[in-house]
Amino acid sequence: MKKSDRDIMEILEAYDTTGTAHSAAQLAGVDPKTVRRYVAVRDAGMPVTGPSRRPRIIDEHLPQIEQWVERSKGKVRADIVHERLVALGFDGTERTTRRAVAEAKAAWRAGHRRTYRPWITEPGLWMQFDWGEGPKVPGPGGILRSTLLFCAWLAWSRYRVVIPVWDQTLPTLIACLDATVRRFGGVPTYALTDNPRTVSIDHVAGIAVRHPQIVETGRHYGMAVHTCVPFDPESKGGSEATVKIAKADLVPTDANLLPDYASFADLEAACEQFCATVNARRHRESARIPDEALAEERARLHTLPTSPHTLALGTTRSVGTDQTIRFGSVRYSTPPGLVGTEVWVRAAGTDLVVVADLDALPQAPEWAENRRGLSEVARHLLSTPGNPRIDPAHYPDHPQDPGGAPKPPVPKARSAAEARFLDLGPGAHTWLVAASAAGTVRIRAKMTAAVELAAFVGAATVDSALSRAAEAGRFAEGDLPAIVAHHTDTTAGAGVVADEEHSVQPGTAAWAGFGSTGAQARS
């Protein structure tokens, strides 16, 4: 039975007073062997009040076990150690070996445990970004597609940005970086991220080789892009925490009871709401509100470039002679004046955005007045192969009507006689188009007759009569003079209005007595 702490102290005090175990045992009322045991433990530097450890059968093999654990860097299995101990003459059970190996591994980890220094942040110095798997939302054609969440934050102010995208390509990454720094209101000095292929193209002797275009992008914004140590997420824990929080609040799961998103626009709105919420509440670590801290940090951020890097605009495409570009095996139309030039295209949510450098055009089109430099020239909904996106407004002079029907032809005079007829007014234009469509014969002679008639009654009268003739489909020889004569007569005096009192229908008074007795008597 283990002695209490007070009894142990009395035993040691009695031994120190008498100097012998026999006399101390008499004073403390215990056996002399008990006195010797506690004195030996104290002299060995071990705690006398803690649990005492009895000798074990595996103690003589502990140095060998520690050597195997050290050589395997704490990964050796206990059953392998037991097999080797048995070969060395150990006759204990495997359970004893497992306990000894567990203790040796715990001691090895305690001596090789990694320690972390808290990240000392500074305003305007660091931002971090990473990618997370987003929810599936309907894409073009209503087919469910996987999305990605671009998550970034400023280390000092803890200001977060979450942008949903369709892919993780280099143009998409640079577009997200451009949108992020513009939300920050400035550019930090460094950007830290993982080692995706869009940032690090290789590793040589443990050194990450940067992607040349990401280096060029960093120079454009005045920001150096750094990567963390491979397989070391602790060096970018801030961005990983942002990804974890964003996924917990944005990706529908059984834990958050979120419904599925009906469209990519709904996911974008949810991300905007998420950013507004987390940036408006007080951060637990910094005890600051990120929105307020960002206003203070902006003074330490670099100035934003006026235009984004061209890679942020997407991939380049050449505009064909039909004013279309191809993206994802789908044709999209562009405004006139861009044939033969290169434009940038990128997918922005469910839209395809087309950007052109208007300063590089040999001649600025009419629609580009007061616009200069990189400018968005077209935007289409993303489509699927076999379903081109053609905007009729991009083809103002096309003979086909936007609804699919042919456009009505526009008369253009090619002789003096045609010019004199068309100068009568819009009614002459309408009559010529309608008469031609109706297959009217001797059109030129009738046009000449209309001009001669206008010399007598006036051009306005003939033009109005031509419009009425086109509406009524009257294109015979005497139709136009008849309409002019009627128009002249009805406008000269008061016209006769046909009503119930003036009717050409014969009356029925003669039939009033038909079948009556009086009528039969008279007959």
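**Pocket, helix contact and sheets**

Student: About how much space lies in the second largest pocket?

Tutor: This is a predicted model, in which local features need pLDDT of at least 70, side-chain atom pairs count only at pLDDT 80 or more, and totals for chains, interfaces and linings use all residues. Residues are numbered from 1 along each chain as its sequence is written, and side-chain values use heavy atoms, without hydrogens and water. A pocket is an open set of points on a 1 Å grid over the protein atoms alone, where a 1.4 Å probe fits, with protein on both sides within 12 Å along at least five of seven lines; points join across faces, edges and corners, and volume is the space filled by probe spheres set on them. For the second largest pocket, that volume is about 520 Å³.

Student: Which helix gives the most to the lining of the second largest pocket?

Tutor: The lining (residues with an atom within 4 Å of a point) comprises 26 residues, with Val165, Thr172, Ala175, Ala347 and Ala348 nearest the centre. At least two lining residues come from each of strand 3 (160-165), helix 7 (170-184), helix 10 (264-278) and strand 11 (342-348); helices (H or I, at least four residues) and strands (E, at least two) are DSSP runs numbered from the N terminus. With six residues, the greatest contribution is that of helix 7.

Student: How many residues of this lining are charged?

Tutor: Ala, Val, Leu, Ile, Met, Phe, Trp, Tyr, Cys and Pro count as nonpolar, Asp, Glu, Lys and Arg as charged, and the others, Gly among them, as polar. The lining of the second largest pocket has 15 nonpolar and five polar residues. Its charged residues number six.

Student: Is helix 14 parallel or oblique to helix 15?

Tutor: The axes of helix 14 (residues 443-457) and helix 15 (residues 459-472) come within 7 Å and cross at roughly 135 degrees; axes are lines fitted to C-alpha atoms, for helices over the stretch in contact, and angles run from 0 to 180 degrees between N-to-C directions. Angles under 35 degrees count as roughly parallel, over 145 as roughly antiparallel, 65 to 115 as roughly perpendicular and the rest as oblique. Therefore the relation of helix 14 to helix 15 is oblique.

Student: Which residues of helix 15 meet helix 14?

Tutor: Contact means heavy atoms within 4.5 Å. Helix 14 contributes Ala450, Leu453, Ala454 and Val457. By class, this contact has six nonpolar, one polar and no charged residues. On the helix 15 side stand Ala459, Thr461 and Val462.

Student: Which strands stand at the edges of the five-stranded open sheet?

Tutor: Strands pair if DSSP finds at least two bridges between them. The sheet has the order 3-2-1-4-7 with mixed pairing. Each edge strand has a single partner, so one side is left without a neighbour in the sheet; these are strand 3 and strand 7.

Student: In the four-stranded sheet, which residue of strand 12 stands opposite Ala347?

Tutor: This open sheet has the order 8-11-12-13, with antiparallel pairing. Within it, strand 11 and strand 12 (residues 351-357) pair over five bridges. Opposite Ala347 stands Leu352.

Student: What is the phi of Gly328?

Tutor: Strand 9 (residues 324-327) and strand 10 (residues 330-333) pair in the antiparallel sense over four bridges. They form a hairpin with two residues between them, and Gly328 lies in the turn. Its phi is positive, at about 65 degrees.
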